[in-house]
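Hi everyone, thanks for coming.

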Amino acid sequence: RPNYPAGLFAWLAGIAPARDTAWDCGTGSGQAAVGLAAHFARVVATDPSRRQLEHAEAHPRVDYRQASAEVSLFGTASIDLVTVAQALHWFDLEKFYAEAKRVLKPGGVIAAWTYTLLDVEAGIDDLLTDFYRNVVGPFWPPERRMVDDRYRSLPFPFAPVEAPAFSIRTVWSRDDLLGYLGTWSATQAYRKAKGEDPLVVFAERLAPLWPDPATEKTLRWPLHLRVGRMS
């Protein structure tokens, strides 16, 4: 999985009321939590999946806990920043927002972000769009619609904060890209339903556009943020 840009965490730390405690909710393998740890004295990273947490990157300032988004067990008004990286669409929003409002300090910040399809270059981008929408598209879970909408239509009951533009950038080989596409839940659901791998045909179509598998290209995922502040 690509890593989030360091500038995102520096900006979030800069608008938080203090840098004491951040809560990374739905942390998964801890990508955002470790990024936050560069700026906060303590990061509590929660996820309901014990398996996800077992694969999380250890850091001395990150405390990983198995917990749901809707019941955090934090004290009231104890958190400076709440972050949700590529996970908000899985939450019970009404209950999560109530919990976030309870635990955030006055002036505390909540930030949720998502990313959709990556950009590489013309031709390859067209091939990726076709794969995403038409090949594995029917196998995405219904919640994926919120991601495709870039979280724009989700309720977000906080005073809005305008965010700068951020994007994930990485340099990958052709095999790196294919490996990433294989992690998509829709790709895995396609394999299970049809008994075949859609990446075989995709790789054949990609080869003329990326003939040397060792050649590396720059890939970019624009981030789509919803940021708000407690009054």
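**Helix α5 and its surroundings**

The buried residues of α5 pack against α6 (144–148), α7, α8 (185–194), α9 (198–206) and β8 (217–229). Packing here rests on contact, meaning heavy atoms within 4.5 Å. Buried means under 20% relative accessible area, exposed over 50%, and partly exposed in between, with a 1.4 Å probe and protein chains only. Helices (H or I, at least four residues) and strands (E, at least two) are DSSP runs, numbered from the N terminus.

Before going on, a word on the source: this is a predicted model, where local features need pLDDT of at least 70 and side-chain atom pairs count only at pLDDT 80 or more, while totals for chains, interfaces and linings use all residues. Residues are numbered from 1 along each chain as its sequence is written, and side-chain values use heavy atoms, leaving out hydrogens and water.

So which residues of helix α5 are buried? In α5, residues 124–135, they are Ile124, Asp125, Leu127, Leu128, Phe131 and Tyr132. They sit on the same side of α5 because they cover an arc of only 165° around the axis, taken from the directions from the helix axis to the C-beta atoms. Turn to the face away from that buried side, and you'll find the exposed residues Asp126, Arg133 and Asn134.

Now find Ser173, in the loop between β7 (167–172) and α7 (174–183). Is Ser173 buried or exposed? It counts as buried, because its relative accessibility is 11%. Leaving aside residues up to four places away in sequence, Ser173 touches Trp210, Pro213, Thr215 and Glu216.
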